[in-house]
Amino acid sequence: MSARVLVLGSGGREHALAWKLAQSSLVNRIYVCPGNGGTASTPKTENLSLPLAAPHYQQLVQFAVQNEIDLVLPGPEEPLVRGIQTCFRKVGIPTFGPSELAARMEGSKAFSKAFMLRHRIPTATFRTFSSSQVDEAIEHVRTCRHRVVLKASGLAAGKGVLIPESTDEALEGLRQIMVANVFGAAGNEVVVEELLEGPEISVLAFSDGYTVIPLPPAQDHKRIGEGDTGLNTGGMGVYAPAPVATPAIMDRIMQETLRPTIDGMRREGFPFVGLLFVGFMLTEGGPKVLEYNVRFGDPEAETLMLLMNDDIDLAAVLLACVEHRLDSVQISSRSGFAVSVVLASDGYPGEYSKGKRIEIGKVSSDVVVFHCGTSLNGDELVTTGGRVLAVSATASSLEEALSSVYTAIDKISFEGKVYRRDIAHRALKGANATLKGLTYEQAGVSVDAGNSLVNAIKPFVRATKRVGSDAEIGGFGGIFDLKAVGYKDPLLVSGTDGVGTKLRVAIETGIHDLAGIDLVAMTVNDLLVQGAEPLYFLDYYGCGKLDVPVATSVVKGIADGCQQAGCTLIGGETAEMPGMYAEGDYDLAGFAVGVVERELVLPRDVVEGDVLLGIASSGLHSNGFSLVRAIISLSGLAYSSPCPWDATRTLGQNLLEPTRIYIKQVLPIAHKGLIKAMCHITGGGFIENIPRVLPEGLGCYIDASAWQLPEVFRYLMKKGGIAPLEMARTFNMGIGLVVIVGRDDRESALNALRTQDPGAPVYEIGQVISACGVEVRQLEHWT
């Protein structure tokens, strides 16, 4: 292949990209529009003098067609946000960069923050206000009780972020953005977000819409002055890799941000192809996204191109991305460090003079001087921008790379040269710091929070006290006096279960106590089907960072479930494991032990002709939620939306209706010997669960017309396009417990069950037959 590449832009980023592309055996010619003094002297490279601002992209498209351009590489964000990718796509020329829809991730901070919220990508808490909501924004800032950052939602040339020091400054900032329009149309929406604290890093990653491959993490220096003082700039220097971004942190960034971002964009219909540049704050709670950019950073590109291994062909990587085969190429970086230090014009980032003559002496072979704001005036190189040059070097150590850069800077001169002499000061300070003793809390585990949780839940636990246990927690193990419960020939029955992905709905809606009831229900109902009375329960709560109010709510629900089941909450385990869970996530597991007289163990003596009774479920219970969530996602509804089949509640509240606990309704009838077998309808529905309690050679039929199908199942079946039989092998379809009784005991059992709990309807739904399996009849009643 002999490719022709069109690079768009005029900065150090574009010079670095052209420099690396020129080394490719695949590339024959590089055009840079408009380019600079550095690109003018880069091998294989020619500058173009064509307009780059919208709506004049057609001249560039015409040039690309006439000159048989094979790939377009936009440098700055504005052409991407304005839809330049579509202009070239219409004439069949691939562009390494996202579509206009995908570029909204940088073009609209309001859009990107809402995307992060939808996909649970860690970021600062925030609210978005339109320009007509000045009063609401002011009230929010006054009452939010934390320092804020103000961000103009649109493109503001890198200047649309304010970090006020006080509430008064924040209020004035809002007025400047929303009333005085200091950022123009970019401030039509304002994002007000929580101020995050910690070291910042930049992660740039290639993507083809499916695969995502990050480059080494970099750390930028935005302020003009040493010690991170003065005004913000486009960047005064950068180094990579940043030691603060440990392998563990990079793993979290991949799992919690990069992968969910690329997958989420594709699933929402605007796949990302190009270079995703994500700014992170490394907070105590883990890496959180500050912002998305949809192109190479500057000066990050200079540093990362230099750090990329010599044998990596940048053109091959870019083409693999646009052809959606990024997994077919290798991307690797050389060992050691790369540094770029920017030389700026005096007065930058404010007013500055142009046309100053630049002289560059002989520099070391490990140094590359990338041009950011230069041009050729005849044979003379002169300044044209605020940022003039990015002096870059690689070395085995950060100190060596810095030494090479600063030595080279001494050989470069132009009037008003300004630069920072402390680039990478954070890394150097960290390397030279004396290691202080760490604490368990600094590692992410709070013993105090654990103790607070124990104190908070003790009243709920005590409320589950029953014969055999005092329901006191805090020891190494729970004790239960089996003799005290009075069984003559007891067998112990144990079970364990969880809540599955129903927890995701609980977490996203902030309704946590109902999940605790579910946890108990799923476990004790499994004991019941063997005829056992639940005696005691233990829970496991795992999380990345213990949120005491959330965990308390969950345990309160567990205690409520234990009271409904008549068992005691005898103990549990709370595991705070930093790095194991995304922020705000947790998982649950439950363990229960019950007892049954040997002669009453179920199932027993099931024969052909026995009758199946069905006891109503309270709703979905806790199975099939991966499918439920997929259907809800397709429907376009949020969990806060009104429920389509029950307008009195939100969708989330309805879906979270806890699993019915059948102990008090059913166990007394089992003790009377009226029940031969029971089946808890969980994952697998009727089709998979009922055969588990039938003797070999027997099956059953279910009459789908015997009860009214609840509307939630009708809605899911319709919205998901799910066949009725598939529903029957996934959901409980309105019957949470199947009880099998002898034909002669049918009336007695029905009456007893209905009397025991009138609020849980009981139906005759089928019969045991000689054919194996489960036959569901009258399925048309479900459609």
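Leaving aside neighbours within four places in sequence, Tyr586 is in contact with Leu503, Ala506, Ile507, His512, Tyr541, Gly542, Cys543, Val550, Val554 and Tyr581, contact meaning heavy atoms within 4.5 Å. The model is predicted, with local features requiring pLDDT of at least 70 and side-chain atom pairs counted only at pLDDT 80 or more, whereas totals for chains, interfaces and linings use all residues. Residues are numbered from 1 along each chain as its sequence is written, and side-chain values use heavy atoms, with hydrogens and water left out.

Tyr586 lies in strand β27 (residues 586-597); helices (H or I, at least four residues) and strands (E, at least two) are DSSP runs numbered from the N terminus. With a relative accessibility of 5%, Tyr586 counts as buried, the classes being buried under 20% relative accessible area, exposed over 50% and partly exposed in between (1.4 Å probe, protein chains only). The side chains of Tyr586 and His512 make a polar contact at 2.8 Å. A polar contact is a pair of N or O atoms within 3.5 Å; within protein, one must be able to donate a hydrogen and the other to accept it, and residues adjacent in sequence count only if both atoms are side-chain atoms. Leu195 is 391 residues from Tyr586 along the chain, and the C-alpha atoms of the two are separated by 25 Å.

An open sheet of six strands has mixed pairing and the order β31-β33-β28-β34-β32-β35, where two strands pair if DSSP finds at least two bridges between them. Its edges are formed by β31 (677-680) and β35 (773-777), each with a single partner strand, so one side of each has no neighbour in the sheet. From one strand to the next the twist averages 25°. Within this sheet, β28 (residues 611-616) and β34 (residues 762-769) are joined in the antiparallel sense by five bridges, and Leu613 has Glu764 in β34 as its bridge partner. Helix α16 (residues 513-528) packs on the sheet, touching β31 and β33 (735-741), and its direction makes about 160° with that of β31. Axes are lines fitted to C-alpha atoms, for helices over the stretch in contact, and angles run from 0 to 180 degrees between N-to-C directions.

The axes of α16 and helix α20 (residues 663-671) come within 11 Å and cross at roughly 10°. The two helices are therefore roughly parallel, a class for angles under 35 degrees; over 145 is roughly antiparallel, 65 to 115 roughly perpendicular and the rest oblique. Val524, Asn525 and Leu528 of α16 meet Ile663, Val666 and Leu667 of α20. The residues of this contact comprise five nonpolar, one polar and no charged, with Ala, Val, Leu, Ile, Met, Phe, Trp, Tyr, Cys and Pro counted as nonpolar, Asp, Glu, Lys and Arg as charged, and the others, Gly among them, as polar.

An open sheet of four strands, in the order β10-β9-β15-β16, has antiparallel pairing. Strands β10 (212-214) and β16 (286-293) stand at its edges, and the twist averages 35° from one strand to the next. Nine bridges link β9 (residues 200-208) with β15 (residues 273-283), Val203 being partnered by Val278 of β15. Helix α11 (residues 314-322) packs on this sheet, touching β9 and β15, with its direction at about 65° to that of β9. Eight of the nine residues of β9 are buried, so the strand is largely enclosed by the rest of the structure. Three bridges join β9 to β10, and Phe206 has Ile213 in β10 as its bridge partner. These two strands form a hairpin with three residues between them, and Gly209 in the turn has a positive phi of about 100°.
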